[in-house]
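Me: I am new to protein structures and would like a close look at a single part of this one. Could you walk me through a helix and what surrounds it?

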Amino acid sequence: MIERVRLENFKAFRYLDLPLAPLTLLTGVNAAGKSTTMQALALLRQSYDAGALDDEGGLLLNGDLVEFGIGRDVLHENYSDGSGGRSVHIAVGLQINGRYIAWRAEYQTTRDREADLLRCTRDIFSIENVSELARSGLFGVGFQYLRADRIVPAVHYPKSYEKAVRKGFLGVRGEHTVNFLRARQDEPVPDILRHPDAKSSGLLDQTEAWLQEICPGVNLAVEDLRGTDLVRLSYGFGGTAGIKSSNIRYRPTNVGFGLTYALPIIVACLSSGSDKLVMLENPEAHLHPYGQTLTARLASLAVSAGAQVIIESHSDHVLNGVRLTVKDGVLTPDKVALHYFDRNDDGEIEVVSPEIGPDGMLSQWPRGFFDEWDRALDRLLD
C-alpha cells in the first residue's frame, strides 16, 4: 500500500507531503492540486510501463495515462533550487510498506526546454531491480486510473485484447470497460463486494445489480462485433442480463450519460482486490445524489476486499457516503484519510485533514468544506 506521497517543484506544489490511507478522499477548491496528486502517481506508473524508471531512465511526461507536455509545464512556478535557476529538481516520492522511494529528475532550464523525458538523477532508496515495485498496487496488475473525462454514450467501443484482457486495464477514460466485461463476465467478484440481489457472483451480473441501484430495472448486454476491433454495449429495462436478450435493447446514446459514465466506476471497484490500486476522479459525475453516495459505499467495500482507493470528488454525497461506511462498520476510522485542498490569501496551497470518528463525525469542518448548503440556506432565511 502507498502510505505517503511527496512532491517537490511539481506542478501546483513547491512541496507536498501527504499521508494516504486504504481509502483516501481528496476534495477542495478548483485548481488546488487534487488532480495533480493523482497525476503524479499516474506519471510513475506511465514511466514504469515504458521501462523508464531505472538508472538510465526518468519521468515520461506524455503517454497513455497523462499528457503533461514538456518539462517547464510540470515545473512549479515558484520552484526552489540551489543553482541560480539553471537546474531544478522535480521529485516524486512514495512510501510503500514502510520503505521510502523517490525519483528525483533534474530539469535544466537551458537544456531541457522541449524535453518530455526528465532524466532521473538519483533514487533515494536503492532498488536492485525495479520489478520488485510490481508488488505494490501502483505498479502491479489490476491498477486502475479513471479520469474525469470518461467515455460517453457511444454506438460501439474498442476491443483490445492487450489492454482489457491481458493487462486488465479499463483505460483512463474507461474506454475498455465494455470489452473487459465481455471477456471477464463470469469471473467471480470478491464476497464482500457481491450484491445480494445479483443472479450470480459473476462480474457481469454483479455489475448489473449495482447499476440497478442507480437505475432500477436496467440490464446490460455486451456483444463482440465479429470481424471488427469493436464491441457493443446495450441497455434493457425489466429483463435479464447476458450476451443475448430477447428484450428491446437501447443504445447508450439513447439512454443518457449517467449509466455509461458510472459503468467504469462500478466495474473498477468490483474487479479490485488485494493489493490493487484504484484511482477515481469525480465518480459522482452525472449521477443523482443516491447514486453518488452509492459510489462511495462501493469504493469502501473495495477497500474491505483489500484494495487501496483514492478518490477525487467535489460531492458532499460522496463524503457522506464514506462517513456512513465508517459508522456502519464497513471501514474503521484508521482506514480513511480526508484531505481538503485550499488556497490561502497569498495563493499558496494549504491542505487540511479532518479526522473521522467511529460515528462518522469529523474532528473539524474547514471553511469551504461542503458548507455551501448551509451558507445558501442562511441567506435564504435572512
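Reply: Let's start with the length of helix H7 (residues 289–304): at 1.5 Å a residue, its 16 residues should span 22 Å, and its end C-alpha atoms are 23 Å apart, which agrees. The expected span is 1.5 Å times one less than the number of residues. Helices (H or I, at least four residues) and strands (E, at least two) are DSSP runs, numbered from the N terminus. This is a predicted model, where local features need pLDDT of at least 70, side-chain atom pairs count only at pLDDT 80 or more, and totals for chains, interfaces and linings use all residues. Residues are numbered from 1 along each chain as its sequence is written, and side-chain values use heavy atoms, leaving out hydrogens and water.

Now look at what is tucked away. Among the buried residues of H7 are Gly291, Leu294, Ala299 and Val303; buried means under 20% relative accessible area, with exposed over 50% and partly exposed in between (1.4 Å probe, protein chains only). Their cover includes strand E3 (23–28), H5, H6, strand E13 (308–312) and helix H8 (316–327). After H7 comes Gly306, with a positive phi near 110 degrees.

The contact (heavy atoms within 4.5 Å) involves residues including Trp210 of H5 and Leu263 of H6.

Finally, find His195, in the loop between helix H4 (177–184) and H5. His195 is buried, with a relative accessible area of 8%. Leaving aside neighbours within four places in sequence, His195 is in contact with Gln206, Ala209, Trp210 and Glu213.
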